[in-house]
Amino acid sequence: MTQATSGRTRQLPPFHCPYCGEEDLTPHGEDDGGWRCGACLRTFIVRLTGTGVTRS
Ligand SMILES: [Zn+2]
């Protein structure tokens, strides 16, 4: 077994549903960052919009 944990390209899953706060999240859809909440049955996409942003 090889571990491909180097680099920071792999996105970690969100810990909580942003809509109901539950933690019952599973990957969903074919889009990167797509998740489905098993509690409220919402699907959403987590997308990085910037790093090191100091001004909006
Ligand atoms: Zn939810």
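Reader: How many bridges join β2 to strand β3, and in which sense do the two run?

Author: Good place to start! This is a predicted model. In it, β2 and strand β3 (residues 43–45) run antiparallel and are joined by three bridges. Glycine 34, for example, stands opposite isoleucine 45 in β3.

Reader: What does β1 pair with?

Author: β1 pairs with strand β2 (residues 34–37), in the antiparallel sense and over three bridges. Look for threonine 26, which stands opposite arginine 36 in β2.

Reader: And how do I read the side chains along a strand?

Author: As a general idea, side chains in a regular strand alternate between the two faces of the sheet.

Reader: Which residue in the turn of the β2 and β3 hairpin has a positive phi?

Author: That is leucine 41, with a phi of about 65°, in a hairpin that has five residues between its strands. Leucine 41 takes this positive phi although it is not a glycine. Compare the hairpin of β1 and β2: six residues lie between the strands, and glycine 29 has a positive phi near 75°.

Reader: Where is glycine 21, and how far in space is it from alanine 39?

Author: Glycine 21 sits in the segment before β1 (25–27). Glycine 21 is exposed because it has 11 C-beta neighbours inside 10 Å. From C-alpha to C-alpha, glycine 21 and alanine 39 are 9.0 Å apart, while in sequence they are 18 residues apart.

Notes: Residues are numbered from 1 along each chain as its sequence is written. This is a predicted model: local features need pLDDT of at least 70, side-chain atom pairs count only at pLDDT 80 or more; totals for chains, interfaces and linings use all residues. Helices (H or I, at least four residues) and strands (E, at least two) are DSSP runs, numbered from the N terminus. A residue is buried if 20 or more other C-beta atoms lie within 10 Å of its own, exposed if 12 or fewer, and partly exposed in between; C-beta atoms are placed from the backbone. Two strands pair if DSSP finds at least two bridges between them.
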